[in-house]
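Here's a quick tour of one protein fold, written for someone who would rather look at side chains than at tables. Have the sequence and the 3D view open as you read.

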Amino acid sequence: MTGHLIDFGDRAGLLEAESARLVAMTDGDLGTLDSLIADGALYIHSSGEIDTKREYLTKLATGQFRYAAVTTEDPHVTALGSAIALTYRMHAHLVFPTGPRQIRARATAVWRRYDDRIRLELFQSTSMPAES
């Protein structure tokens, strides 16, 4: 693991990696998610529940929930030395064994460079109130 500084020249790579992660989430592509998410990553759901990478992938693999659709808007990129934070509004349609659920959240994905690629280190989402 190297801690290279990431500059805004890496913005396109960051957006491409985040897009690939969102597609893998809706496709249920656990192999791609495994390669994009750092081994020590934490995933903080809008419910406040926290999963490690393994817990998150296990929940997806065992059908505890699945993503039917995920869209994002208004991305904002913040350089953090050897990492980049991507903040955006997220709309997700999830399916649980108990039924579907719509999520509207403000989300932050923190990506960090590992040698020749970037990987997700932390994802955190906060529920937003329903639009009136």
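## A leucine in β4

Let's begin with leucine 94, which sits in strand β4. One thing to keep in mind throughout is that this is a predicted model. Leucine 94 has a relative accessible area of 8%, so it falls under the 20% cut-off and counts as buried.

What does leucine 94 touch once its neighbours within four places in sequence are left aside? The contacts are Phe65, Arg66, Tyr67, Gly99, Pro100, Arg101 and Ile103. As for valine 70, that residue is 24 residues away along the chain, and its C-alpha lies 8.5 Å from the C-alpha of leucine 94.

## The nonpolar core

As a general point, nonpolar side chains in soluble globular proteins tend to be buried together. Here the largest nonpolar core has 34 residues. Those touching the most other members are Met25, Tyr56, Tyr67, Met90, Trp111 and Phe123.

Strand β4 gives the most, with 7 residues.

Not counting residues up to four places away in sequence, phenylalanine 123 touches Arg21, Leu42, Tyr43, Ile44, Tyr88, Met90, Ala107, Thr108 and Ala109. Met90 in that list is, like Phe123, among the core members that touch the most others.

Leucine 122 belongs to strand β6 (residues 117–127), and at 32% relative accessible area it is partly exposed.

## Salt bridges

Side chains of opposite charge can pair when their charged atoms come close. In this model the count comes to 8 salt bridges.

Arginine 21, the phenylalanine 123 contact mentioned above, pairs with glutamate 18, with 2.7 Å between the closest N and O atoms. Both residues lie in helix α1 (residues 11–27), 3 residues apart, or about one turn of the helix. Are they buried or exposed? Arginine 21 and glutamate 18 are both buried.

Lysine 59 and glutamate 49 form another bridge, at 2.1 Å from N to O. Lysine 59 is in helix α3 (residues 53–61) and glutamate 49 is in the loop between β1 (37–44) and β2 (50–52), so this pair ties together parts that are 10 residues apart in sequence. Lysine 59 is buried at 13% relative accessible area, while glutamate 49 is partly exposed at 39%.

A further bridge joins glutamate 73 and arginine 89, with an N to O distance of 2.8 Å. Glutamate 73 is in strand β3 (residues 66–79) and arginine 89 in strand β4 (residues 83–96), so the bridge ties together parts that are 16 residues apart in sequence. Glutamate 73 is partly exposed, at 33% relative accessible area, and arginine 89 is partly exposed too, at 23%. Elsewhere, salt bridges with shared partners link Asp34, Asp39, Lys53 and Arg54 into one network.

Conventions: Residues are numbered from 1 along each chain as its sequence is written. This is a predicted model: local features need pLDDT of at least 70, side-chain atom pairs count only at pLDDT 80 or more; totals for chains, interfaces and linings use all residues. Side-chain values use heavy atoms; hydrogens and water are left out. A salt bridge is a side-chain nitrogen of Lys or Arg within 4 Å of a carboxyl oxygen of Asp or Glu. Helices (H or I, at least four residues) and strands (E, at least two) are DSSP runs, numbered from the N terminus. Buried means under 20% relative accessible area, exposed over 50%, partly exposed in between (1.4 Å probe, protein chains only). Contact means heavy atoms within 4.5 Å. A nonpolar core is a set of buried Ala, Val, Leu, Ile, Met, Phe, Trp, Tyr and Cys residues joined through side-chain atoms within 4.5 Å.
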